[in-house]
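Reader: I am new to this structure and would like to go through it one question at a time. Please show it first.

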Amino acid sequence: MEDHSALLKQADAFNKKVKSTKQKQKKERRGITMNMFKKITMFFLLILNINNVLINRILDVNSIGKAAEPLRHAFQQAYEVGWRFQANLNFSNAMSDFFDTKAVAWAFYLIFTVFGCIALPMLCYILVDGFQKSQRIRWDIIEMGGFALLSEIPYDLATSGKWMDYKSQNLFFGFFIGLLVLAALKKIAEKWPEAKYVRYGLNILVVAVGLIISMLGLSYYLCFPVLIMVLMYAFRSSKLMGSVAGCMTMMTMSTYYLCSMLSLIPIAAYNGKPGKKMGYVLYLFYPITLLVLYFIAKGMNLY
């Protein structure tokens, strides 16, 4: 009688491989593709832009109005110390001020701030994921620089009502600097693979220079895209670890940005598949929405 034990072992190994592949495919189908991930990001980016352009203009932070103050403090207390009895009591008392336009605007401002902050780590994740898979990094950087320039006039119009305003720069400049820093980090790793301390020293220098340049953009938040992208790239073997670290850096600005942690849900659900390609829709969405919101704000006499 022939010994078929070797054949049986091969068949068993093959069946296990097929089963593992099917389980992996099933798991991937349950997740979301990059196409869907970008659509979700666009939704939160729209919330961010509405908050920065319309609601900020309605509030006119320098003259908030007495009726809005109780509501603002109630929301702040509720968010900072949790939904305790006193916070709820203050919130209830402040509800009587809802007839005031600016009180309503403050409510929307705080809600939109909470949800709008989800967009930044998601955008950073898209760029870092694309950077790792790209075969044309140089052109990706050039394209992001082009979109940063393209977005500047819509950004200036939306934030100041002027065609050119040098007080701050748009978010895409932060992404452009972030991609430059990642490219430099990758080059250092390729050139000095064995010289660990040289590599670490150069990495720190490159990141520091990137952060300084971004802060010279006269917009405080421009350094956050750079820092978040660097952390996501550093922890690229674990997509959630880098994202958690990036969100925690946002909390240094305000505890309101604790809700940026909600970005971990779509990041965890991303299955690594591209889905239907969107081209440059996401990057054009930013300046176009800024421009549309500018005309809406202008029609409301907010400038």
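Reader: In which helix is the place of Gly174?

Author: This is a predicted model, in which local features need pLDDT of at least 70, side-chain atom pairs count only at pLDDT 80 or more, and totals for chains, interfaces and linings use all residues. Residues are numbered from 1 along each chain as its sequence is written, and side-chain values use heavy atoms, with hydrogens and water left out. Helices are DSSP runs of H or I with at least four residues, strands are runs of E with at least two, and both are numbered from the N terminus. By that numbering, Gly174 is in helix α8.

Reader: Is Gly174 buried or exposed?

Author: Buried means under 20% relative accessible area, exposed means over 50%, and partly exposed lies in between (1.4 Å probe, protein chains only). Gly174 has a relative accessibility of 0%, so Gly174 counts as buried.

Reader: Leaving aside neighbours within four places in sequence, which residues is Gly174 in contact with?

Author: Contact means heavy atoms within 4.5 Å. Cys124 lies 50 residues from Gly174 along the chain, and the two C-alpha atoms are separated by 9.9 Å. With its neighbours within four places set aside, Gly174 is in contact with Leu222, Pro225 and Val226.

Reader: How many helices and strands does the chain have?

Author: From the N terminus on, the elements run α-α-α-α-α-α-α-α-α-α-α-α-α. The count is 13 helices and 0 strands.

Reader: Which element has the lowest mean pLDDT?

Author: pLDDT is the predictor's confidence in each residue, from 0 to 100. The chain averages 80, and 73% of the residues score at least 70. Among the elements, α6 has the highest mean, 94, and the lowest, 49, belongs to helix α3 (residues 68–81).

Reader: How many contacts beyond near neighbours in sequence does the stretch of residues 61–71 have in the model?

Author: Residues 61–71 have a pLDDT below 50. Residues 79–87 also have a pLDDT below 50, and that stretch has 14 contacts beyond near neighbours in sequence. For residues 61–71, the number of such contacts in the model is 19.

Reader: What is the volume of the largest cavity?

Author: On a 1 Å grid over the protein atoms alone, a cavity is a set of points where a 1.4 Å probe fits but cannot get out; a pocket is an open set with protein on both sides within 12 Å along at least five of seven lines, and lining residues have an atom within 4 Å of a point. Grid points are joined across faces, edges and corners, and a volume is the space filled by probe spheres set on the points. The count comes to 1 cavity of 30 Å³ or more. The volume of the largest cavity is about 30 Å³.

Reader: Which element gives the most to the lining of the largest cavity?

Author: The lining consists of Leu123, Ile126, Leu127, Phe172, Phe175, Leu282 and Tyr283. Two or more of the lining residues come from each of α6, α8 (171–191) and α13 (281–299). With 3 residues, the element that gives the most is α6.

Reader: How do the residues lining the second largest pocket divide by class?

Author: About 780 Å³ of space lies in this pocket. Its lining has 27 residues, and Lys38, Gly130, Asp140, Gly279 and Tyr283 lie nearest its centre. Ala, Val, Leu, Ile, Met, Phe, Trp, Tyr, Cys and Pro count as nonpolar, Asp, Glu, Lys and Arg as charged, and the others, Gly among them, as polar. On that basis the lining has 12 nonpolar, 6 polar and 9 charged residues.

Reader: How many disulfides does a search of the whole structure find?

Author: A disulfide is a pair of cysteine sulfur atoms within 2.5 Å. Cys259 is in no disulfide, as its nearest cysteine sulfur, that of Cys117, is 5.9 Å away. Over the whole structure, the number of disulfides found is 0.

Reader: Why does Asn52 count as partly exposed?

Author: Asn52 is found in helix α2. Its C-alpha atom is separated by 8.8 Å from that of Tyr109, 57 residues apart along the chain. Asn52 counts as partly exposed because its relative accessibility is 36%.
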